[in-house]
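Keep the sequence and the 3D view at hand while reading.

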Amino acid sequence: MTGSPTRTLLLWCPDWPVLAAEIVDGVPATGPVAVLHANRVIACSERARADGVRRGLRKREAQGRCPQLTVVEYDPARDARAFEPVVAALEELVAGVEVVRPGACAVAARGPSRYLGGEEAAAERLIEHVAQSCLVESQVGIADGVFAAGLAARAGQVVPPDGTPAFLAGMPVEALGRSALADLLRRLGVRTLGQFAALPAGDVLARFGFDGALAHRLAAGRDHRPLAVRQPPADLTVTSGYDEPIDRVDAAAFAARALAEQLHDRLAGHGLACTRLGIEAVTEHGQELHRVWRHDGLLTAAAIADRVRWQLDGWLSGSNGRAGARPARPTAGIIRLRLIPDGVIAQGGLQTGLWGETGEERERAHRALSRVQGILGPEAVVTAVLGGGRSPADQVRLVPWGDERLPGRPDVPPWPGRLPPPAPAVVLPSPLAATVHDADGEPVVISARLAVSAAPARLVVGIGQPAEIVGWAGPWPVDERWWAPTEARRRARFQVSLADGAALLLAVEAGQWLVEAIYD
């Protein structure tokens with residue numbers, strides 16, 4: 001590993017988990033607050049520290065030192081969500097921000113220092129901007145490498161170029177953030193980073209392993225890990241406002257078509273396709289309406305416009321209610337419409353469909369089916385998706401064309417009574433009544449313990465001619481919803497082969513034989 005560390009500017013927000021709890025959950029950070037993970041304090045407020053609370057204390061000991069302590073559970077998602085506005089504020093002034101962790105982010109110092117008039121001026125400008133934009137106090141440190149810049153930020157210090165090794169030399173070994181290693185080093189008499197850095201690198205690797213060798217490089221100021229800069233997401237959302245409120249479906253659909261084309265062009269310009277489309281509308285009275293539609297990723301402008309029209313139809317006329325449940329109609333017309341590509345994928349990553357790879361044939365079929373949907377409604381064209389279930393009919397669900405075709409998990413959880421492969425080729429919409437007899441002409445019956453009275457020999461479907469059974473397998477028992485007497489079903493299934501080459505799936509329920517499916 002060679003090369004010089006990058007001159008790095010790091011912005012640090014003290015006690016960020018506590019501050020995030022205030023921003024998201026309203027916990028007052030000015031009071032005694034402690035954030036706990038695994039029953040130990042990982043962060044606390046200044047007021048809590050004044051009462052003796054420290055990191056690493058157990059919950060009971062921390063509450064013993066500070067009876068008024070407010071305890072908050074650690075939530076990394078909350079910390080990251082609250083830190084996003086701070087990162088966005090930094091990106092208004094500098095480019096190439098890397099989020100080190102919630103509460104700390106870094107950027108190469110060269111650009112901000114040249115643009116903002118020097119390193120100290122850049123540090124002051126960023127601290128002021130974050131305070132004004134987000135009402136968050138922060139400190140900035142500048143040094144060679146992310147590790148040294150983080151330590152400098154805690155002191156609000158700008159380390160001179162090439163002065164990082166000397167700056168780190170007096171730091172305690174606990175600054176490495178490796179408690180086990182720091183404890184071992186202290187027992188060996190190594191108390192500062194300078195003393196640790198003076199040890200031979202080969203001996204450190206042999207004694208402390210690879211992680212110890214990395215820590216040794218940090219202690220020597222040789223942290224040259226390149227910044228993993230964060231790329232600001234492209235703004236793909238499209239919005240349109242209307243001077244005259246729109247309260248008719250046809251007028252809203254007409255206005256939405258231009259917005260759909262704009263969104264489609266913007267996605268195409270980035271080589272993207274939308275998998276989830278968010279539709280937002282604001283009425284003249286301030287009502288906000290929001291709905292998310294899922295798709296398979298192949299979205300034309302017409303397909304987007306159709307879904308917007310369907311959604312507006314539901315909002316403005318309440319026509320998508322079922323069984324008499326009609327949604328409340330907005331009290332005023334729509335003055336703003338917004339389309340949000342909630343989930344996007346690369347255009348080349350679209351899944352192969354019924355008509356092969358994405359291309360002209362698939363797009364032509366998609367346009368035709370979307371046109372049928374536009375005329376007859378979204379549920380007029382459906383496709384089958386396999387999922388979990390015990391019977392062949394239960395394992396298939398129909399989803400509207402264009403909706404996300406998430407496959408089920410047939411094996412998680414397991415389905416007792418599920419038929420072994422192969423699956424039947426034809427599943428009858430209504431099972432056909434049948435009779436099964438043994439070689440002596442007696443009806444074949446199944447006992448409560450699933451004992452077969454005799455080997456099946458002949459099958460008669462309805463009023464048809466008897467067919468000879470040359471092979472059979474089963475039974476596969478199914479006992480569903482036994483806890484609900486009115487919904488309980490108990491049956492057993494058999495696979496049979498006939499002399500004419502046909503193969504059938506039979507079921508017997510309440511003493512009645514049924515033909516459920518046909519094998520190819």
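The lining of the largest cavity contains 7 nonpolar residues and no polar or charged ones. The model is a predicted one. The residues in question are Tyr-242, Ile-246, Ala-252, Ala-255, Leu-312, Ile-334 and Leu-337. Three elements each give at least two residues to this lining: strand 8 (238-246), helix 12 (249-269) and strand 11 (334-346). The volume of the largest cavity is about 40 Å³, and the structure has 1 cavity of 30 Å³ or more.

The largest pocket has a volume of about 1400 Å³. Its lining consists of 42 residues, and those closest to the pocket centre are Arg-55, Arg-101, Arg-154, Ala-175 and Gly-177. Several elements supply two or more lining residues each. Among the strands that do so are strand 1 (7-12), strand 3 (40-44) and strand 5 (98-101). The helices include helix 1 (16-25), helix 4 (76-91), helix 7 (146-155), helix 9 (179-187) and helix 11 (201-219). Of these, helix 7 provides the largest share, with 5 residues.

What is the make-up of the lining of the largest pocket by class: how many residues are nonpolar, polar and charged? The lining divides into 24 nonpolar, 5 polar and 13 charged residues. The lining of the largest cavity, for its part, has no charged residues.

On the surface, Val-382, Val-396 and Leu-398 form a nonpolar patch. Together the three residues have about 250 Å² of accessible area. Leu-398 belongs to strand 13, which covers residues 396-400. Is Leu-398 buried or exposed? Leu-398 counts as exposed because its relative accessibility is 58%, and the cut-off for exposed is over 50%.

Another leucine can be read against the cut-off for burial. Leu-514 sits in strand 19, which runs over residues 512-519. The relative accessible area of Leu-514 is 19%, so this residue is buried, given that buried means under 20%. How far apart are Leu-514 and Thr-435 in sequence and in space? They are separated by 79 residues along the sequence, while their C-alpha atoms are 7.9 Å apart.

How values were computed: Residues numbered from 1 in each chain as written. Predicted model: local features only at pLDDT ≥ 70, side-chain atom pairs only at ≥ 80, totals over all residues. Heavy atoms only, no water. 1 Å grid on protein atoms, 1.4 Å probe; cavity = no way out; pocket = protein on both sides within 12 Å on 5 of 7 lines; lining within 4 Å. Points joined across faces, edges and corners; volume = space filled by probe spheres on them. Helix = DSSP H or I, 4+ residues; strand = E, 2+ residues; numbered from the N terminus. Nonpolar A, V, L, I, M, F, W, Y, C, P; charged D, E, K, R; others polar. Patch = residues over 30% accessible without salt bridge, like charges linked within 9 Å, V, L, I, M, F, W, Y side chains within 5 Å. Areas by Shrake-Rupley, 256 points an atom, 1.4 Å probe, with all protein chains shown as cover. Salt bridge = Lys/Arg side-chain N within 4 Å of Asp/Glu carboxyl O. Buried < 20%, exposed > 50% of the residue type's maximum accessible area, 1.4 Å probe, protein only.
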